[in-house]
Amino acid sequence: MKQVLIIASSARKDGNSMILCRRFAQGAEEAGHRVETIRLAEQNIGYCLGCGVCNTTHKCIQQDDMAAILEKMVQADVIVLATPVYFYSMNGQMKTFIDRTVPRYTELRGKEYYFILTAADTDPAMLERTMETFRGFTEDCIEGAVEAGILYGVGAWHAGEILDTPACQEAYEMGKNI
C-alpha cells in the first residue's frame, strides 16, 4: 500500500482537473492505496519572498499552510501534480506552490510523480510546454524523481466537459495501476 498525495491547483472545485483528480483517487483507493487530495485554492500559501533563509534553515519564514503540505509530501510515496493549463503553462497557484517547496525539496527524492493537465485547447505544444516546466522541477531539481505517468485532459473548456472525453477513464486506470 502506498501513500498517494494529490496536489490540485484548479480554482474550480468541480472543474475539469478536479474531476480527473477524483477519478485518479478513486482508482488508487480501489487498488488499496491511501489517498489524500489537497486543493491549493483552499490553502493559505504566500509567494516565495526569495529571502534565502530556507537554504540554511530548511524552514520558510512565512507562517502559512505550506509547511504542513511539505511534510505530507515528504511522507508520501506518490505525488500527483494537477493543473489547468493557462496561456501555455501551469496556473499561478501551481507555480507558487512549486516555488515554495524550496525548504524541503531535497527530501522529495525517489518518489513517483504523476501529472494531470487539463486544457480547453487541444494543441499538443501547450501541454508539452507545461510538462517542460514540471520536468524542470522534478527531473532537474529532485534527485531520483520518477515520472510515472502523464494525463492530458483536453478539449474541455467549461466545468464538467471533461466527463465527455476518454480522460476520465484514463485517470481512473492510471490511479488503479500505481
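**Cysteines, central strand pairings and aromatic pairs**

Student: Is Cys 60 buried, partly exposed or exposed?

Tutor: The model is a predicted one. Cys 60 has a relative accessible area of 25%. The cut-offs are under 20% for buried and over 50% for exposed, with partly exposed in between, so Cys 60 counts as partly exposed.

Student: Which cysteine sulfur is closest to that of Cys 60, and how far away is it?

Tutor: A disulfide needs the two sulfur atoms within 2.5 Å. The closest cysteine sulfur to that of Cys 60 is too far for a bond. It belongs to Cys 54, at 6.3 Å.

Student: How many disulfides does the count give?

Tutor: Cys 48, which is partly exposed at 44% relative accessible area, has its closest cysteine sulfur in Cys 54, 6.4 Å away and too far for a bond. The sulfur of Cys 60 is also too far from that of Cys 54 for a bond. The number of disulfides comes to zero.

Student: How many residues of strand β3 are buried?

Tutor: Strand β3 covers residues 78-86, nine residues in total. The strand is mostly covered, and its buried residues number eight.

Student: Which residue in β5 stands opposite Ala 82?

Tutor: Strands β3 and β5 run parallel. Across from Ala 82, the residue in β5 is Ile 116.

Student: What is the bridge partner of Val 85 in β4?

Tutor: The pairing of β3 with β4 is antiparallel, and the hairpin they form has two residues between the strands. In β4, the partner of Val 85 is Met 90.

Student: What is the phi of Tyr 88?

Tutor: Tyr 88 sits in the loop between β3 and β4 and is partly exposed, with 32% relative accessible area. Phe 87 is in the loop between β3 and β4 too; it is not a glycine, yet its phi is positive at about 50 degrees. Phe 87 counts as exposed, because its relative accessibility is 83%. Tyr 88, likewise a residue other than glycine, has a positive phi, near 70 degrees.

Student: How is the pair of Phe 24 and Tyr 114 classed?

Tutor: The whole structure holds two aromatic pairs. In the pair of Phe 24 and Tyr 114 the centres are 5.4 Å apart and the planes are at 65 degrees. Planes over 60 degrees apart are classed in one group, so this pair is edge-to-face.

Student: How many residues apart are Phe 24 and Tyr 114?

Tutor: Both Phe 24 and Tyr 114 are buried. Phe 24 lies in helix α1, residues 16-30, and Tyr 114 in strand β5. The pair links distant parts of the chain, and the separation is 90 residues.

Student: Which helix holds Phe 134, the ring partner of Phe 115?

Tutor: The rings of Phe 115 and Phe 134 have centres 5.0 Å apart and planes at 40 degrees, so the pair is tilted. Phe 115 and Phe 134 are both buried. The pair ties together parts 19 residues apart in sequence, because Phe 115 lies in strand β5 and Phe 134 in helix α5.

Student: Which residues does Ser 17 touch beyond those up to four places away in sequence?

Tutor: Ser 17 is in helix α1. At 2% relative accessibility, Ser 17 counts as buried. Its contacts are Ser 10, Thr 83, Pro 84 and Thr 118.

Student: Within what arc do the buried residues of α3 fall?

Tutor: In helix α3, residues 66-75, the buried residues are Met 66, Ile 69, Leu 70, Met 73 and Val 74. Residues three or four places apart in an α-helix point the same way, because there are 3.6 residues a turn. The buried residues of α3 line one face, so seen down the axis they fall within an arc of 145 degrees.

Student: Which exposed residues does α3 carry on the face turned away from its buried side?

Tutor: The cover over the buried residues of α3 includes β1, β2, β3 and α4. The face turned away from that buried side carries the exposed residues Ala 67 and Gln 75.

Key. Residues numbered from 1 in each chain as written. Predicted model: local features only at pLDDT ≥ 70, side-chain atom pairs only at ≥ 80, totals over all residues. Heavy atoms only, no water. Buried < 20%, exposed > 50% of the residue type's maximum accessible area, 1.4 Å probe, protein only. Helix = DSSP H or I, 4+ residues; strand = E, 2+ residues; numbered from the N terminus. Pairing = 2+ DSSP bridges. Phe/Tyr/Trp six-rings, centres within 6.5 Å; stacked < 30°, edge-to-face > 60°. Contact = heavy atoms within 4.5 Å. Arc of directions from axis to C-beta.
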